[in-house]
Amino acid sequence: MVVVLIIAILIAIAIPTFLGARTRAQDRAAQSSLRNALTAAKTSFTDTSDYSGATAANLQTIEPSLTFVNTASTGFKVVSVPTPAAAQATWWAEVLSKSGTCFGIEDKSGVGGGTFYAGGASAAPAAGCTAPAAAADPNWLGTAW
C-alpha cells in the first residue's frame, strides 16, 4: 500500500512538470519558425533595400521549410505575413503555436529600427493570428517572448 502511495505522489508531481515542459517546447518551436521567417525576409531585404519583395511566394522560395500565407496561421510551421507595400521599411509576421498561443515578430529598418516580439506573456499580436495589413504597422515596441 505504501509503494502504491509513493508511486501516486510521484505521478502527481511528474505530470504537471511534463505538461509545462511540453507547452514551453511548443512555444519555442513557433518562435523558432518566426526567427527563420525573419531570416528569409532579411534575405529578400538585401535585394531591394526594403521589404517590398517579402511576399509569401518569395519567402516560400527562400525558406521552403516553412509555409507562408496571407491568411491566419494554423500551425507552428505556417507563418502569416502581410502583402508588402512598395518600399516598405517594416516587416512582420505571426505564427500559431501548437499550445494555442499566437506569437509575432516585427523588424524595422532605418531610424528607431530593430526587431520586436509579441505574444505569450507580452502584448498579444492581432486577433486570429493573422499578420496585420501592410498599411497597419503593429508597433509591437517593448514586448518580449
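1. Aromatic pairs: the count comes to two, where rings of Phe, Tyr and Trp (its six-membered ring) pair if their centres lie within 6.5 Å, with planes under 30 degrees apart taken as stacked, over 60 as edge-to-face and the rest as tilted. In one of them, Phe-45 and Tyr-51 are tilted, with 4.8 Å centre to centre and 45° between the planes. This is a predicted model, in which local features need pLDDT of at least 70 and side-chain atom pairs count only at pLDDT 80 or more, while totals for chains, interfaces and linings use all residues. Residues are numbered from 1 along each chain as its sequence is written, and side-chain values use heavy atoms, with hydrogens and water left out.

2. Tyr-51 also forms a tilted pair with Trp-91, at 6.4 Å centre to centre and 35° between the planes. Because Tyr-51 lies in the loop between helix H1 (2-48) and helix H2 (56-62) and Trp-91 in strand S3 (residues 90-96), this pair ties together parts that are 40 residues apart in sequence; helices (H or I, at least four residues) and strands (E, at least two) are DSSP runs, numbered from the N terminus.

3. Ile-15 is found in helix H1 and is partly exposed, with a relative accessible area of 46%.

Technical notes: Buried < 20%, exposed > 50% of the residue type's maximum accessible area, 1.4 Å probe, protein only.
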